[in-house]
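Morning, everyone. I have one structure to go through today, and I will keep to the place where two chains meet. Please have a look at it first.

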Amino acid sequence: MIDIKDIRDTARDMLTKGEARAVIGYRRGSRGMLAEPAFITNLEQADELVWDPTCFHNLSLYLVEDRKFLAHLRKTANAPIAIVAKGCDARSIVVLMQEHYFKREDVYIIGVSCEGTGVVDERKLAPLLNGAHATSAAFDGDDFVFTTAEGEKRLPAREVMADRCLECRNPFPKEHNAVFGEDKTGRQLAEPFAALTRFEAQGNSARWDIWSRHFDRCIRCFACRSVCPMCYCDECVVDSISFPVTAETTAEDKANRIRWIERSAVRSENITYLMTRAMHLAGRCTDCGECERACPVNVPIRLLNNKMEREAREKFGYEPGASIGGSSLVASFLDSDPGDFIR
Amino acid sequence: MSEQQTYEPRIVAFLCKWCSSAGSDLAGVSRIQYPANATPITVPCTGAISPMYILSAFNKGADGVLVSGCHIGDCHYIEGNYLARRKMHLIMQLIEFIGVEPNRFRMSWVSAAEGGKFAQVITDFVNDLKPLGPQEKLKKAERA
Amino acid sequence: MEKILDKKQIDGWIAALTAKSQDGWEVHAPMLEEGIWTYQPASGAVRLDHPNTNQSPKGFAFPQREIFFSFEQIKGEAPRLTQVLPKEQRHAVFGVRPCDGRGVPRMDKVFTDHVEDPYYNARRKNVAYVGLACNKPPSPNCFCLSVGGSPVSTDGLDVQLTDLGDRYFVKAITETGKALMTAGGKLFTDPSAADQKQVKQVHTDAVAHPQRKINDPDGAPAKLRASFNSPLWEEMARACIGCGICTFLCPTCHCFDINDEVQSKAPLKGQRVRTWDNCQFPDFTMHSSGHNPRENTGARLRQRVNHKFQYFHENFGMHQCTGCGRCISGCPVGIDIVAVVNKVTEHAG
């Protein structure tokens, strides 16, 4: 069991010694049980840090934000940023370093092991609380304990855990400067890619029936893109902001400029957006599942990323976020790559 | 005649400049007969084809998309087609995953000397596409 | 007009509304699909037991995508423009919560007050809202009482339903509402004195339920005006990821973008469309020069909050926010408009 005091002490220690200019972690939010991202820059704030089953967020996103902000100010950092990272989050940080987004010494990773559990899936929890709303959530061995107006509710973590956590192969952050919690790698609560395998068991037309409805529901709020640490492009293919329309822009100009994806939230454009995103994440997505959690209309975005992850693993022996020095999936190849599909 | 019989699939063919595009030229100058369903787009190398091109072609109404380049080992840029092989494998898997007929996407290696093979690839692709009918799944709606 | 409708008869009422061959209504009701409540065409088995819908019903008058006109240009000829007005079809939206009902007059202000938007108007005049009072707050983030609303408010509604257990107390608010009820004919019965008493009690209890609270909603416009340069904005928006959930789910956000969607280049053909836009997207205020006046998340959060609680109030004398709490529940990183308004107004002194 992780004692939150250890994380707070580390944060305080880092800030006191000037070894970190900020600590990014989790604190209690103002809405129910949910934790929210915290940006700790002074010692008192360190006591706000929490670690509970609602610490979903992949905070490495804010390392990207910080980098962009510094670049904008044309400043360099005087000290690293410390960040609380779960197994999946730490792998994201590795991918970012692999892509030279920042250097290893720019970040101090305070690793937290998810041990035998992971984070809660609110969508699984809601029906089990019978309409009550939890005001707090805590780890307790293999259980989660929720506080509601009707009293304490103890549930086996397995029943309310996010699929990605059940299927997680590496709940321990291998890359870290400090780490808390036991290394339970190989705990195997569910088969890896279990949800994907279940989905793929259906035939081609059944899969299309399901996906077409998902694509129809997408409202293009871009929460999946915004919440993803890997979606760091300054300009996304869907935005095309580098094509300004001025008084001089002719109809011809407009017709000839490349617009990969229209702004309208209609099926064809939603497909192109979501599929492109899945391709851009191939070999980079570390299955933190934030895109799927953030989606306000429950599009199972994770399945697309999972599909790419499994292909990469099975066909190319590639594991995202495994090593900082490794080459990226689509910028490398093996002689043994499958080529049977080519005529 | 029913619509099925008159239906001619539209193929967008991304051809590498060094091999397959030259191969298609050879098919032409050799006067090899093959269906005229493919619209060729010459690219410098198959390795330069973004999966976005393929999605975009389907989005704009292609019934089938062909990617064709140099045989493994023959790439003008040494390794472009190796990289393409990986990327195209992934996009093909993804398209199939959401329930689009896998036969709508095809990849082939056609060298500059293989005019006959190019004609065969197109002929086979057209024959495989015909029973599938028009591609509506990824296509932009006319007006919606 | 006040009536009682047995819950078992609601499908009958909907059938009566849709059946009228001449000017039939298309009825929409909240349905649960893939874990979210969305308005869907009602075809029986309507049970208004939803908390609130995932998205507000604003899309019935202000859809996420609206085609303005189509264009076509043949070489050597003048461009041909064809206006595309929405189809004449009446829509009755069932189960609208009071907060969403109060969103309707706010949207009307924007699209009909100073300038008449023909597309909005063409849709709006054909939509009727059948509301459902909240006997208890459907979301832990409800705060309608803080923004001048109430769980039993009838603003913006044509009919109000109140759940009395096995039956609804049905009250017509507008002439359209009366017409809707008249279409139900004998399905409705007259309320007894006991019914009247019960509905009064239910409404009293509904208002008494504790909700989240904005501490000084009346002082907010002036205090926000004074806090424009407050460092709090940046601090509170630190976690903001710049997605569109808060505004796309909101019953009153109405910003839009207009684009030409080209379908073919020869001949040049396509359509001009309006789509929802969102002040939280980084490119919302991006200039052609590359300069962005709302450069960071703090400035963008301030825009959203100030629009709801200051600018709109200054223009129309009411808060634009109706307290549905969707932006709070939906935010992936915990940005909470109640907490934000409270914090800024407290610090403004």
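Before the helices, a word on terms: an axis here is a line fitted to C-alpha atoms, for helices over the stretch in contact, and angles run from 0 to 180 degrees between N-to-C directions. Keep in mind that this is a predicted model.

Start with confidence in chain A. The mean pLDDT of chain A is 94, and 100% of its residues reach 70 or more. Within chain A, helix H10, residues 251-256, has the lowest confidence, with a mean of 76. Strand E3 of chain A, residues 81-85, has the highest, at 98.

Now the contact between the chains. Chain A puts 30 residues into it, and chain B puts 34. On the chain B side, helix H3 (51-59), H4 and strand E4 (105-109) each supply at least two residues. H4(B) gives the most to that side, with twelve residues. Sorted by class, the side of chain B that touches chain A has 19 nonpolar, six polar and nine charged residues.

What does H4(B), residues 80-97, come up against in chain A? One helix there is H11(A), residues 267-281; the two axes come within 11 Å and cross at roughly 140 degrees. That angle is why H11(A) counts as oblique to H4(B). The crossing is right-handed.

Which residues meet there? From H11(A) they are Met275(A), Ala278(A) and Met279(A), and from H4(B) they are Leu90(B), Ile91(B) and Leu94(B). By class, this helix contact has six nonpolar residues, no polar ones and no charged ones.

That is what I have.

Technical notes. Residues are numbered from 1 along each chain as its sequence is written. Chains are lettered from A and ligands numbered from 1 in the order in which they are written. This is a predicted model: local features need pLDDT of at least 70, side-chain atom pairs count only at pLDDT 80 or more; totals for chains, interfaces and linings use all residues. Helices (H or I, at least four residues) and strands (E, at least two) are DSSP runs, numbered from the N terminus. Angles under 35 degrees count as roughly parallel, over 145 as roughly antiparallel, 65 to 115 as roughly perpendicular and the rest as oblique. A crossing is left-handed if the near helix is turned anticlockwise from the far one by less than a right angle, and right-handed if clockwise. Two residues are in contact if their C-beta atoms, placed from the backbone, lie within 7 Å. Ala, Val, Leu, Ile, Met, Phe, Trp, Tyr, Cys and Pro count as nonpolar, Asp, Glu, Lys and Arg as charged, and the others, Gly among them, as polar. pLDDT is the predictor's confidence in each residue, from 0 to 100.
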